[in-house]
Amino acid sequence: MQDSILSRTLWLLKSADSGLWEVVGLSLRVSGTAVLISCAFGFILGGVLATTRFRGRSAIHIFLNASMSMPPVVVGLIVYMLLSRSGPLGWLGLLYTPTAMIIAQTLLITPLIAALSRQIIEDLFNEYAEQFASMRLSFFKKIRATLWDARFSLLTVALAGLGRSLSEVGAVIIVGGNIEHLTRVMTTAIALETSKGDLPMALALGAILLTIALLINTLLSMLNLSARRFAYA
Amino acid sequence: MKMNNNLTLKALAALFTIASSISAHADTLLVQSTTSTANSGLYKYLKPILKADTGIELNVVAVGTGQAIKNARNCDADILLVHSKESEEALVADGYGVKRFDLMYNDFIIVGPSNDPASVSGSSDVTASLLKIAQSQSTFASRGDDSGTHKKEIKLWDGANVDIDTASGHWYRSMGSGMGATLNAAVGMSAYALTDRATWISYNNKSDFKILVEGDNKLFNQYGVMLVNPEKCGNVNAHTGQQFIDWLRSDTGQNAIAKFSIDGQQLFFPNAN
Amino acid sequence: MHNKLQVAEALKPKYSDSSSALKDPAAIIELRNVRYSSQAKLLLKNIDLKISRGGITAVMGYNGAGKSLLIKILHGILQADTGDVLWDGELANSSQKQSEAQKQAMVFQKPTLLRRSVKANLMFSLNKQTKLSAIEKCVALLDLVRLAHLADNPARRLSGGEQQRLALARALASKPDVLFLDEATASLDPASASVIEDIVIKQKQQGVKIIMVTHDVAQAERLADDVILLHRGEVVEQALASCFFNNPKTQVAKAYLSGQLWND
């Protein structure tokens with residue numbers, strides 16, 4: 001079986017017409033877009049929670065932490081019910097499209113990114129608080145400097161989000177439908193091959209997913225390292 | 001931060017492009033299908049023939065029959081292609097399906113480990129075989145997911161007067177999974193399982209498993225196709241959908257289905273007329 | 001405290017303007033009846049204090065006397081529970097108003113540097129100026145604190161002494177009229193401490209008011225023009241440095257200067 005997995009992996013990589021790159025590309029596009037949108041929302045939400053005090057703040061905090069453990073299937077179901085033709089947003093015609101998958105993954109990872117970034121921003125913001133007060137910085141300038149100085153830690157948060165979204169199958173298979181050439185991504189393809197009993201193919205796809213995750217993480221941690229060496233500590 | 005904003009905007013723009021490019025195709029049909037037809041590769045085989053003949057493209061969502069019917073009830077389909085005649089007729093009666101057509105058939109089989117602890121190998125009497133499995137308390141893996149195959153299996157147990165509810169969790173294992181996952185589990189725990197022949201032929205993880213029971217008339221597996229009712233669901237692409245059903249039922253379509261085979265074995269037998 | 005009035009009198013005569021009881025032109029900062037408590041403990045008790053313009057004022061006292069609280073209230077980064085802070089005789093309880101009235105900066109005992117290079121830390125505080133003049137000033141300040149060779153290093157990788165010198169350079173970047181030092185040399189090696197002391201003296205000569213908390217009696221003797229002694233949240237002695245060190249008036253001051261613990 002090991003031989004078979006290796007040869008399947010190589011065969012997959014060699015045969016450009018296997019649709020592999022299409023599936024890989026869609027995975028990256030869907031998860032990448034979801035992470036970008038989640039970061040836009042999550043960093044703002046995390047930043048607000050980290051730097052302001054208001055009623056209900058700790059309730060939101062608890063809710064965010066709890067929703068980090070939300071099963072992807074449940075998120076998928078919620079999005080399915082919203083986007084279904086019989087649901088409130090059915091008129092958009094988004095179910096079984098990559099957009100629906102992006103929406104589901106955005107909902108899935110925004111709490112993760114918000115909760116993790118809140119912790120990072122709050123720690124740094126508190127650390128800088130007295131110095132910034134002494135400098136008489138405006139609230140906006142304090143936030144800007146904190147976010148900038150936390151950027152590499154926040155990049156790690158984004159990577160955690162990318163990891164969760166690239167690896168989840170529960171949400172995308174429900175709202176995407178695993179349609180060939182349209183909404184099939186790495187994880188749903190793996191689920192399909194598993195259900196066909198083609199385990200070597202499923203594992204070959206898994207190996208490719210892992211390789212991609214390794215590549216992305218290596219690239220970003222190299223970037224991170226060189227940046228740290230330069231000025232960030 | 002500025003860069004981030006830009007990226008977000010670009011991402012949003014990309015989203016809308018994706019969204020609009022998908023709903024644009026009038027000749028594309030959304031098919032809610034049972035897994036056996038999809039996983040066996042039938043659509044992959046039919047698609048280019050259909051495209052060349054009619055210009056129609058298919059987007060196939062492959063789920064269990066129960067789920068497919070629910071999705072159709074939610075108007076999330078143009079076409080429903082499943083294998084549970086009673087549920088399909090109920091859907092038409094409720095007004096969600098226009099008209100149900102017989103399309104093709106194959107048969108169910110019982111597969112199991114070659115050591116065959118219940119000694120059912122070679123039998124063509126499914127009722128007697130199930131009784132033997134129950135009496136010997138041999139492990140049996142059930143779909144347990146309200147699919148067409150699952151509904152068929154329950155009917156067969158009823159026919160053999162076996163109370164599977166009490167046995168559930170003991171020798172009877174309700175997997176709550178698709179056909180492939182259930183077969184994987186059956187192979188993993190040397191359990192018997194009921195499957196449609198198409199899925200079995202295209203299934204790649206057979207190990208020492210064999211077809212043990214086949215050929216009983218009760219194991220007949222009829223596939224039906226219907227158009228989701230545009231009067232209930234305004235989004236249904238009725239014209240193209242009807243064109244697709246007509247094509248499937250035409251000589252061209254039926255011949256194409258008949259010619260689909262894996263390892264020289266025909267998987268589906270057309271019977272539209 | 002019987003001697004408080006005496007001290008105030010001693011400080012006043014040269015500048016005292018009898019026509020205005022409210023405004024004292026000699027005082028750059030004045031505290032009136034300032035109280036501060038935390039967790040039901042009164043840490044600063046009704047402090048009345050005038051700090052004279054120019055020169056170096058040393059704030060001394062045992063641990064827990066309230067020195068850091070006092071200097072933070074003076075600096076405006078801590079709000080007193082009651083009482084007024086006046087700058088040049090103007091009420092300045094909101095920090096915004098205070099910064100308009102007076103340019104001020106503070107060096108903390110433990111510097112908080114940004115996660116950036118040494119240079120970028122300085123540029124951050126020079127950002128109100130044009131890029132070119134900011135770079136010039138940055139170079140000059142780095143020379144002043146002898147960190148030019150480390151300009152591109154991560155600030156947080158510097159040694160304690162280097163970090164504190166950078167913190168001082170950053171404080172000077174805003175060209176303060178008043179510079180607060182909260183035990184700024186407390187944990188530094190003598191070389192770094194002496195660099196900082198030299199710069200502080202130069203700043204004083206250029207007319208910058210220095211208010212420093214220090215435990216180092218020798219350093220206070222070297223630098224201070226006048227001394228405030230805090231004890232258990234109260235000002236027990238405020239005197240010219242020569243008077244304070246040669247002829248302390250209170251038992252607390254005598255004990256403190258001779259290095260004895262205070263026991264009631």
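Of the residues lining the second largest cavity, 4 are nonpolar, 5 polar and 1 charged. This is a predicted model.

**Stop 1: the second largest cavity.** Start in chain A. Select Ser27(A), Val30(A), Ser31(A), Gln105(A), Ser165(A), Leu166(A), Glu168(A), Val172(A), Val185(A) and Thr187(A). Together these residues line the second largest cavity. The space inside is about 40 Å³. Now colour helix 2 (20-51) and helix 7 (151-167) of chain A; each gives at least two residues to this lining. Which helix provides the largest share of the lining? Helix 2 of chain A does, with 3 residues.

**Stop 2: the largest cavity.** Move to chain C.

Next, highlight helix 7 (190-205), strand 8 (209-213) and helix 8 (217-223) of chain C, the elements that give two or more residues to the lining of the largest cavity. Helix 7 of chain C contributes the largest share, 3 residues. Colour the lining by class: 7 residues are nonpolar, 3 polar and 2 charged. Over the whole structure, the search finds 4 cavities of 30 Å³ or more.

**Stop 3: where chain A meets chain C.** Show both chains. On the chain A side, 21 residues are in contact with 24 residues of chain C. The two chains bury about 2,000 Å² between them. Carbon and sulfur atoms carry 51% of that area.

How many salt bridges does the rule find across this interface? There are 3. To see one of the salt bridges, select Asp149(A) and Arg116(C). Their closest N and O atoms lie 2.5 Å apart. For polar contacts, the count between chain A and chain C is 8 residue pairs, with both residues at pLDDT 80 or more.

Stay on chain A and pick out helix 5 (98-134), helix 6 (139-149) and helix 10 (199-230). Each supplies at least two residues of the side that touches chain C. Helix 5 of chain A gives the largest share of that side, 8 residues. Finish by colouring the side of chain A that touches chain C by class: 12 residues are nonpolar, 3 polar and 6 charged.

Terms used
Residues are numbered from 1 along each chain as its sequence is written. Chains are lettered from A and ligands numbered from 1 in the order in which they are written. This is a predicted model: local features need pLDDT of at least 70, side-chain atom pairs count only at pLDDT 80 or more; totals for chains, interfaces and linings use all residues. Side-chain values use heavy atoms; hydrogens and water are left out. Contact means heavy atoms within 4.5 Å. Buried area is the accessible area (1.4 Å probe) that two parts lose on being put together, summed over both. A salt bridge is a side-chain nitrogen of Lys or Arg within 4 Å of a carboxyl oxygen of Asp or Glu. A polar contact is a pair of N or O atoms within 3.5 Å; within protein, one must be able to donate a hydrogen and the other to accept it, and residues adjacent in sequence count only if both atoms are side-chain atoms. Helices (H or I, at least four residues) and strands (E, at least two) are DSSP runs, numbered from the N terminus. Ala, Val, Leu, Ile, Met, Phe, Trp, Tyr, Cys and Pro count as nonpolar, Asp, Glu, Lys and Arg as charged, and the others, Gly among them, as polar. On a 1 Å grid over the protein atoms alone, a cavity is a set of points where a 1.4 Å probe fits but cannot get out, and a pocket is an open set with protein on both sides within 12 Å along at least five of seven lines; lining residues have an atom within 4 Å of a point. Grid points are joined across faces, edges and corners, and a volume is the space filled by probe spheres set on the points.
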